[in-house]
Structure formats: structure tokens, C-alpha cells
Amino acid sequence: MTAPLTPQLPITVRTFSQRLSPTPRGARLARHLALNQLHTWGIPTESDPAHAVAVIVAELAANAVTHGRVPGRDFELRLSLVTGSVRIEVTDTRAERRPPAPGAVPTPHPLDEGGRGLVLVDAVADRWEVLERESPGKTVRAEVDLPGWRAVVKRAAGT
């Protein structure tokens, strides 16, 4: 006697995580991987949310490589499709160099060569924060809202 088969919903991964080398090449790869994951989740890569995610990932990954690099330790990119938004988390292992909090990001002088990364994140993210890690380091988390997110989640779930 065999038990009747129960229909199973497809398993859907709504989280993507990748460790990357703390190099400019690793930072560029983070941006490409993020756009590829958005495409996999059914978020058009030419949409405003995808452009915002690409900018945020590029800036946070560049910051992890430039300011959060510890020799021999990678940085991590994590994307999550959560209710109504895409969550971006970039984690590095340097605890002593914390970025300013949201709302406290200084505006760089127009002739400064750098200092615009978090200004961009502050401008395009709907929310962002800096989190402590249990082991040494920090995580910068940002979220980009997805208008019409129910359709995106249904497509990602295959229903």
C-alpha cells in the first residue's frame, strides 16, 4: 500500500548570499550578482528598484573593499526578498571603522575625490542602518521598496 502523493509547491530561495574577495573585482562582481539575482526573482533589471539596488550594492561593496578590508578576510553580500522590499546587506570584518549613521552622513565638498558613497545610499535606499556583528565587523543593511511586491513574490514562488 502506498500513500497518495501530495502536491508540493516549488522550493523558492528568497535569500542570496555570497562571500567575495575584498578587491575592486569582488566589488564589481557583487553588483553583477545582485542584478542577476533580481532578474531571477522576476524584478526587471531596468526598473527603478533594480537601479537603486545596483547603486547601493556597488557603493556598499566599494566601501567594504576600501574601508572595511582586513587582509585575508572576505566581505559578504546578502540579498533577501522580504515583504514589500529587497534587503541588501554587506558585511565586512573591520569593526573599528564604522560609517556614520543614517541622517548623519556628511555632504562632501564638491572638489573632494571621494565621500559620496553613503550620500548615494542615503538618497536611493528607502531605509538603511549599520549593525554590529557578533564576531568582529559590521553589516550595513539597506532596503529598497518594491511597488507591486505581491506580483513579484508570486512570480518568485512560481505560483
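How many nonpolar, polar and charged residues does the lining of the largest pocket have? By class, this lining has 10 nonpolar, 6 polar and 5 charged residues, where Ala, Val, Leu, Ile, Met, Phe, Trp, Tyr, Cys and Pro count as nonpolar, Asp, Glu, Lys and Arg as charged, and the others, Gly among them, as polar. The structure is a predicted model, in which local features need pLDDT of at least 70 and side-chain atom pairs count only at pLDDT 80 or more, while totals for chains, interfaces and linings use all residues. Residues are numbered from 1 along each chain as its sequence is written, and side-chain values use heavy atoms, with hydrogens and water left out.

**Overall architecture**

- The protein chain contains 4 helices and 5 strands, taken as DSSP runs (helices: H or I, at least four residues; strands: E, at least two) numbered from the N terminus.
- From the N terminus on, the order of these elements is β-α-α-β-β-α-β-β-α.
- Of the 159 residues, 38% count as buried, meaning under 20% relative accessible area with a 1.4 Å probe, protein chains only.
- Among contacts (heavy atoms within 4.5 Å) with a separation of 6 or more, 66% join residues 24 or more positions apart.
- The chain exposes about 9,600 Å², of which carbon and sulfur atoms supply 54%; the areas come from the Shrake-Rupley method with a 1.4 Å probe.

**Strand β3 and its partners**

- β3 is largely enclosed by the rest of the structure, because 7 of its 8 residues are buried.
- Strand β2 (residues 75-82) pairs with β3 in the antiparallel sense over 7 bridges; pairing requires at least two DSSP bridges between two strands.
- Leucine 79 has isoleucine 88 of β3 as its bridge partner.
- The hairpin of β2 and β3 has 2 residues between the strands, and glycine 84 takes a positive phi near 85° there.
- β3 also pairs with β5, in the antiparallel sense and over 8 bridges, with threonine 91 opposite threonine 139 in β5.

**The largest pocket**

- The largest pocket has a volume of about 430 Å³; a pocket is an open set of points on a 1 Å grid, with protein on both sides within 12 Å along at least five of seven lines.
- Of its 21 lining residues, the closest to the centre are Asn63, His67, Pro99, Pro100 and Leu118; lining residues have an atom within 4 Å of a point.
- α2 (48-66), β3 (85-92), α3 (117-124) and β5 (138-145) each supply at least two lining residues.
- α2 gives the most, with 6 residues.

Methods. On a 1 Å grid over the protein atoms alone, a cavity is a set of points where a 1.4 Å probe fits but cannot get out, and a pocket is an open set with protein on both sides within 12 Å along at least five of seven lines; lining residues have an atom within 4 Å of a point. Grid points are joined across faces, edges and corners, and a volume is the space filled by probe spheres set on the points. Buried means under 20% relative accessible area, exposed over 50%, partly exposed in between (1.4 Å probe, protein chains only).
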